[in-house]
Amino acid sequence: MHIRRVPFDHPDAVKLNDQVQAEYSVRYGGGGDATSLAPADFEPPHGLYLIAYDEFGTPVASGGWRAQDENGEGNADGDAELKRMYVVEQLRGRGLARRILAALEEDARAAGRRRMVLETGPKQPEAVALYESSGYEPCQKFGYYRFHELSLCYAKAL
């Protein structure tokens with residue numbers, strides 16, 4: 001696998017984002033994640049978006065982080081918010097998400113971010129397992145879904 005930085009509006013990023021949104025819709029109903037995201041959110045040094053490609057150049061996994069500071073949605077100064085972690089179904093369980101997560105944490109740390117935060121839900125048990133096994137702990141809810149009963153928020157010091 002080859003992991004490359006791409007813009008959030010790159011065609012491969014759009015393709016994988018459409019797939020993760022469809023999965024969110026199946027798991028939770030509705031139209032997917034309604035959190036507002038913009039390509040500029042993931043531009044260094046205030047963010048990063050990564051895609052893993054297989055040996056044939058097919059995009060198979062993604063993830064990004066964006067800088068967040070204290071705001072009315074529960075973030076704290078120095079936060080890096082993890083977004084759009086996704087691995088295509090046929091390649092799950094091979095460590096791709098863990099590799100992308102480690103690269104994102106390293107980049108956010110180098111950018112001066114102090115804490116990685118993320119929001120997931122109980123209908124994504126594989127995501128919860130990945131984050132907990134990677135040192136993430138439950139934290140105060142933040143973001144668009146902070147008042148939603150199925151929202152699970154985690155944080156890890158960088």
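# Reading cavities, helices and single residues

Modeller: Let's start inside: the largest cavity here has a volume of about 80 Å³. The model is predicted, so local features need pLDDT of at least 70, side-chain atom pairs count only at pLDDT 80 or more, and totals for chains, interfaces and linings use all residues. Residues are numbered from 1 along each chain as its sequence is written, and side-chain values use heavy atoms, leaving out hydrogens and water.

Biologist: How should I read the word cavity, and how many of 30 Å³ or more are counted?

Modeller: On a 1 Å grid over the protein atoms alone, a cavity is a set of points where a 1.4 Å probe fits but cannot get out; a pocket is an open set with protein on both sides within 12 Å along at least five of seven lines, and lining residues have an atom within 4 Å of a point. Points are joined across faces, edges and corners, and the volume is the space filled by probe spheres set on them. Here the count is one cavity of 30 Å³ or more.

Biologist: Which residues line the largest cavity?

Modeller: The lining consists of Thr 35, Arg 66, Gln 68, Glu 73, Glu 81, Lys 83, Glu 119, Phe 142, Gly 143, Tyr 144 and Tyr 145. By class, three are nonpolar, three polar and five charged (nonpolar: Ala, Val, Leu, Ile, Met, Phe, Trp, Tyr, Cys and Pro; charged: Asp, Glu, Lys and Arg; polar: the others, Gly among them). At least two lining residues come from each of β3 (59-68) and β4 (79-87). Such helices (H or I, at least four residues) and strands (E, at least two) are DSSP runs, numbered from the N terminus.

Biologist: What is the volume of the largest pocket?

Modeller: The largest pocket has a volume of about 890 Å³. It is lined by 38 residues, and Tyr 24, Met 85, Thr 120, Gln 124 and Ala 127 are the closest to its centre. Two or more lining residues come from each of α1 (11-28), β4, α2 (96-110), β5 (115-120) and α3 (125-133). With six residues, β4 gives the most. The pocket lining divides into 17 nonpolar, eleven polar and ten charged residues.

Biologist: Now the helices. Which residues of α1 are buried?

Modeller: First the general idea: an α-helix has 3.6 residues a turn, so residues three or four places apart point the same way. Buried means under 20% relative accessible area, exposed over 50%, and partly exposed in between (1.4 Å probe, protein chains only). In α1, Asp 12, Ala 13, Leu 16, Asn 17, Val 20, Gln 21, Glu 23 and Tyr 24 are buried. They are on the same side of α1 because they cover an arc of only 165° around the axis (the arc of the directions from the helix axis to the C-beta atoms). Pro 11 and Val 26 are exposed on the other side.

Biologist: How many residues does α2 have, and how far does it reach?

Modeller: α2 has 15 residues and spans 21 Å from first C-alpha to last, close to the 21 Å expected at 1.5 Å a residue (1.5 Å times one less than the number of residues). Its buried residues are Leu 96, Ile 100, Leu 101, Leu 104, Glu 105 and Ala 108. Their arc around the axis is only 160°, which means they sit on the same side of α2. Exposed on the other side are Glu 106 and Ala 110. After α2 comes Gly 112, with a positive phi near 90°.

Biologist: What is phi at Arg 84?

Modeller: Arg 84 has a positive phi, near 55°, in a residue other than glycine. Arg 84 belongs to strand β4 and is buried, at 5% relative accessible area.
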